[in-house]
Amino acid sequence: MLSEQLKAVNCAIRQAAEHADRDPTDITLVAVSKRHDSDKIRLAYQCGQRDFGENYLAEALDKQTILSDLDIVWHFIGHVQSNKTRKIAENFAWVHTVDSLKVARRLSAQRPADMAPLNICLQVNIDNETSKSGLPPDQDQLLDLAAQVTTLPHLCLRGLMCIPAPKPQAEQNGASFKHLQELSAHLQKHGIVMDTLSMGMSDDLPTAVAHGATIVRIGTAIFGQRQSI
Ligand SMILES: *Cc1c(COP(=O)(O)O)cnc(C)c1O
């Protein structure tokens with residue numbers, strides 16, 4: 001049942017935090033609801049969940065319309081196509097997947113001035129996969145981009161995000177998470193103010209928390225298998 005699965009995930013976050021000697025309230029659960037219908041989101045909301053993540057813009061906008069009576073914090077976690085930035089800038093509180101200055105500039109320019117700044121994370125292609133979007137895990141390049149992004153008026157740079165390459169065992173993602181944590185520390189050492197590491201999914205949540213995740217993005221463990229399109 002969804003309510004029990006959600007409770008189990010929150011419990012797993014608490015346990016992982018205690019194990020890592022961290023405060024569990026420093027970790028936000030984003031419930032990834034892509035390809036699950038809005039009834040399930042409503043149910044999770046009724047259980048207290050507030051942050052939801054969506055990958056596909058058209059699908060997300062439909063759900064936002066249906067669920068407009070709820071006070072949801074919407075996170076965009078899919079690939080950002082530059083011709084879709086306006087709708088993203090207008091309808092989300094967070095974008096986790098910014099991977100170019102061009103996209104960052106468009107999001108800032110298109111963020112309505114009467115809304116709070118759009119929270120963004122820079123997506124890092126942490127395992128250098130050719131199939132994946134994201135910035136190369138190069139500390140100088142990231143620092144350069146982060147410094148430019150912080151000058152954009154309608155964005156708030158919150159941190160870094162990654163999706164590790166699939167591995168036979170989830171614990172093996174530890175090296176990727178550690179690398180993202182090191183890149184974040186490098187940026188902070190050079191004056192970039194950030195508080196977010198968006199990493200960890202259903203299979204590797206404890207490993208991500210052990211390496212400093214402050215946002216975990218969990219779909220399957222809460223909602224079950226996704227509908228195929
Ligand atoms: C789908 C997705 C998730 C959730 O994955 P699960 O394995 O279902 O928990 C998290 N992050 C991103 C970027 C995703 O696309």
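Which residues are buried in helix α6 (residues 139–149)?

View 1. The structure is a predicted model, in which local features need pLDDT of at least 70, side-chain atom pairs count only at pLDDT 80 or more, and totals for chains, interfaces and linings use all residues. Residues are numbered from 1 along each chain as its sequence is written, and side-chain values use heavy atoms, with hydrogens and water left out. In α6, Leu142, Leu143, Leu145, Ala146 and Val149 are buried (under 20% relative accessible area; exposed is over 50% and partly exposed in between, with a 1.4 Å probe and protein chains only). An α-helix has 3.6 residues a turn, so residues three or four places apart point the same way. The cover over the buried residues of α6 includes α5 (101–110), β5 (118–124), β6 (155–162) and α7 (174–189).

**View 2. Glutamine 49 in the loop between α2 (38–46) and β2 (51–54).** Glutamine 49 has a relative accessible area of 6% and is therefore buried. A polar atom of its side chain lies 2.8 Å from the backbone oxygen of leucine 29. Apart from neighbours within four places in sequence, glutamine 49 is in contact with Leu6, Leu29, Val30, Ala31 and Ala44 (contact means heavy atoms within 4.5 Å).

**View 3. Glutamate 59 in helix α3 (residues 57–66).** The side chain of glutamate 59 reaches the backbone nitrogen of arginine 35 at 2.6 Å. Leaving out neighbours within four places in sequence, the contacts of glutamate 59 are Ser33, Lys34, Arg35, His36 and Glu54. Alanine 89 is 30 residues from glutamate 59 in sequence, and their C-alpha atoms are 16 Å apart.

**View 4. The whole chain, for orientation.** The protein has nine helices and eight strands (DSSP runs numbered from the N terminus: helices are H or I of at least four residues, strands E of at least two). Its C-alpha atoms fill a box of roughly 45 × 40 × 35 Å along the principal axes. Of the 229 residues, 50% count as buried. Among contacts between residues at least 6 apart in sequence, 58% join residues at least 24 apart.

Methods. A polar contact is a pair of N or O atoms within 3.5 Å; within protein, one must be able to donate a hydrogen and the other to accept it, and residues adjacent in sequence count only if both atoms are side-chain atoms.
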